[in-house]
Structure formats: C-alpha cells, structure tokens
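Have a look at the sequence and model first, then read on.

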Amino acid sequence: MRPSQNPEDINEFNRFYNQPIEYQESYFLPSINNPNNNQSFYADVSALKPNQHCYVESSAGNSSELVSDSPPIVNFNAMMQQGSDSYRSDMHHSPDDTFQSSGNSSCYTSDVTDLKHKLRELETAMLGPDSESMESYNTIPVAAANQVSSESDKLVGMMEMMPSGDLKEVLIACAKAIAENNLITAEWLMSELRTVVSVCGSPLQRLGAYMLEGLVARLASSGSSIYKALRCKEPTSVELFSYMHLLYEICPYFKFGYLSANGAIVDAMKDENSIHIIDFLIAQGSQWITLIHALAARPGGPPRIRITGIDDSTSAYARGGGIEIVGRRLSSIAASCNVPFEFHPVSASCPDIEIEHLKVRPGEPLAVNFALVLHHMPDESVGTQNHRDRLLRMVKSLSPKIVTLVEQESNTNTAQFFPRFLETLNYYLSVFESIDVALPRDHKERINVEQHCLAREIVNILACEGTERVERHELLERWRSRFAMAGFKPYPLSSSVNATIKTLLENYYQSYTLNERNGALYLGWMNRDLVASCAWK
C-alpha cells in the first residue's frame, strides 16, 4: 500500500491491534448508543503461537489513510459486485473459512434454546432490562414489540439462508445490514464474526478481522477517530521500515510498478543527455536505484540525472528522518556508478504542490512519476478542490516527455458503501492469498506486515466518508479518461518492459499473472488484476 498523503494520525494508527487478548461482551445496541465507550482489545502479535486464534474486538475509533511505504503498497479487489446474486466468489477458500466455533458462539447452531437466548439479548438491548421474555409484549410499546419480533424473524431467516456457514457470506450479510441501517442484524452478526476471524488464520479469516474493525467503526460513526482511543505500542521507525521492506520483497507489486515505470522512462529518454525526474512520492527512493544502474550502463555514457522528490510523513517516520536521507543515499549510489546526479527535495503534501515547488528548468527533458499516489488525491466527488485533475493539468503544462502511472486496479472512489465493501473484500482477499503463499500463517512478521501496512487502509475504505476517506482507487479506464481530459496521449510500454516483468515474476509464486491490454500492463493474482501500469506523453 502506498504511504498515506494525510498522515497526521500515523502514530495513532501504529497502535493498531496490539493489546492483550481479553473477552469483551458482544456488540449489541448499547454500544451504538454510547459512542464514548472506547474499550478495545487487540491481539499482541509478539505472543502469537501456531494455530492460535486471535480475535479482534473493537469500539469507537478512527480510520485514516494507510501506513505503508518502503515501497508504496497496493489496495486490492475484484470488479464491483451488485445484489445478492453476486455474493459468492469464484475464489477457492480454505475450510477454515466456515464457522467452526464451539458452544453457543456459532451463527449456525441447531440449539433452539441458544437462539432464543440470543434473541432475548437483542430484545433486552432494544427494550431495556425490564423486558423479561419475548412473550411479554403486552407490557411494552406495541411499535417496539413489533420491531423486536420483526428483527427476530430476520435473524432466524438468516440462519436458514446461510446453511453453509461461509465466512465470506456472513461478512457480506453484515455489510448489507449496515447499508440498510438494519442495526439489530448487523450488531448480532458482528458479535458472531468475532468468534471466527483471526489475524493468524486463513487469508479470509485474517482479512475478515480487519474488515470487521471497519464495519464496527462505520456503525459507530467513528471512522475518523478509531485509532486515537487505543493505548497500544506503535512500531518504531526501524520496525515499520522492516515491515514495509518485507512486503516489498515477498510480493512483486512494488517491483512491478517500479520496473515498468523505469522501463518507460529509459525508453523515452534514450537520446537525452540530461533527465529531470519528478517523483510525486519519493518514499525511500528505492525505485531510482535500478534506474541509476540501468542508465550507468547506457552505451555512450550515462545522462545527467536530476530527481525532484516529494516527501510524505509516513515515509519520513519509517526511514527515521527527513527526505535528505533519500538524497544522500541516491547521490552515493550515483557516485559509485559515475552518474552525474542532483537531488531536489520537496517537503510538502501532493495537494499543496504548485509549479514553483518543482524547479523545472526551461528546455530540460522531463519525466513525471505517479507511482501509487494519485488515488490519495481528492477529486470532484469529495469537494470543490479537485486536486486529482488539477495535478494532471499542472503536469501537462510542463510539457513532459513521459508521465508514468502505477495504480491499484480497484474501484472504491465514488462507489457507495455496500458495493465498495464487496470490491474491498474481493480485492484484498487476493492480496492476502498472495501473502499466504509467501509466509507461514504463524509468522510473526507476516502478522505485523498485514496489520501495519494493510489494515489501516482497509478500515479507511470501509469506515470513512468525505475528506476523511483518503483511499480512493479507480480502475485504469477511469484514469485514462482523466489523463485524456488533461491533454495527454498514451505512450505504449515497449515489449522489453513486458519481458523484464516476466523475468521478475519467475522469482515468485506461479499464480501471479501478467497481461498486456491497450498498451498497459496488469499484474494480477489468479483471476484478479491488482496493479496497472501505463505511460503518457
């Protein structure tokens, strides 16, 4: 996932899911009526053992952007699904993804007494402790009694509708209940989901833990503050950097984006003696190391390289210092390769960038890099300041020779909550499955990677709206429209870029896919495109 572009709450986020496991009461209506109830319990990942289930409990809290970076990471899912017929996915899930909880905690119990007990709990939540039984309607308001009866019938019907106990179906049913403002059903389903989601289970169980947190935050209308109430240890900058770097190594998403963008830049600048590259999210500068080495080996000698790097607070925290650290690192690498090099740091968020920040010199060959960053820019659906399109028009006015775009192939920008939930579920499930084949489920660092590099953006997508929702992905077709409206024309990626990516994927699990369509490259997992890369001029 890409580092957040609005990261003032980074420290709060890094306190995510790290408290000792404790038992907490099921989430019934009193928790909704009391948004100040900030009790929250999270798993201490350092104490996890193989096959140990870690249940995520939550409360009112916050969700902002995602923390991630060394490479910027990707947000992931499938084409938007609509309606109940689209609930089922063609993905193959683990047997662990069916309800197997013991006692009275299963959604799919045949124990009628247990079901009645649960419905009485719902009745008490709605009508107060004085309502003794479901039969005592003559002592309570008729409207309230009818509401309890109706919700009870819905819950019984839900059990009959989902005999398989599929975790994915229950997550979807819970999100649908929230979308329809069916609080009784949503609260009950969330209490049951807590018994089966696990940060060290199957990919769906792990993803379910974080999606459940997003649902709870949304229901409590607390997406903007979900992390602020937590008292958990945040990772040090060294730890956070290590999690980001591990994600960079075990999955090819970042390397795919970096190599494809670099290939387009090398091709466009093959006859130039100097190059100015503007990187709108420099992060750790990892992308440019391979480019410096490639240009150092160019026949006839390397060009002079000038990089303008735009920083963000997440990256600064992870690397333990300002953007000057990146400049010194790249300068040292360039010197070792005898490549003339200059670095220009810009410590400003992307929405605040103006032409004056970029120090473009007249006549210099210019390349602009948008790698996993534009989806953080608000557009016309958020407010009157459409920074997404403004940045593209500003860059076009600079007459660049090449502009590279790398983005997650997901549709969460303007989608309403329920289709956005389906998109997020399917997209991130592919990501979690790809991580699952790279690291064991009880691997402590895998848990840290998912919690600190993926969970925040999942919660942000589900729980936040308006300006607080900063994870706003669009499909490549929509990006094509934006670039075309800004005056750009496609710059097809060369066959050598395709060959380079194919060689890269030989080092990873065989389920990764590479497709080329309309001059763009798509990296996917099985039958799902996850990241798209293209270039413009």
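Arg 304 has a relative accessibility of 41%, so Arg 304 counts as partly exposed (buried means under 20% relative accessible area, exposed over 50%, partly exposed in between, with a 1.4 Å probe and protein chains only). This is a predicted model, in which local features need pLDDT of at least 70 and side-chain atom pairs count only at pLDDT 80 or more, while totals for chains, interfaces and linings use all residues. Residues are numbered from 1 along each chain as its sequence is written, and side-chain values use heavy atoms, with hydrogens and water left out.

**Salt bridges**

- Searching the whole structure gives 26 salt bridges (a side-chain nitrogen of Lys or Arg within 4 Å of a carboxyl oxygen of Asp or Glu).
- Arg 304 pairs with Glu 342, with 3.7 Å between the closest N and O atoms.
- Arg 304 sits in strand E2 and Glu 342 in strand E3, so this pair ties together parts 38 residues apart in sequence (helices, H or I, have at least four residues and strands, E, at least two, as DSSP runs numbered from the N terminus).
- Glu 450 and Arg 206 form a salt bridge at 2.9 Å, N to O, linking helix H16 to helix H7 across 244 residues.
- Both Glu 450 and Arg 206 are buried.
- A salt-bridge network links Asp 379, Glu 380, Arg 388, Asp 389, Glu 474, Arg 478 and Arg 482.

**Strand hairpin**

- Strands E6 and E7 pair in the antiparallel sense over six bridges (strands pair if DSSP finds at least two bridges between them).
- Two residues lie between these strands, and Asn 518 takes a positive phi near 55°.
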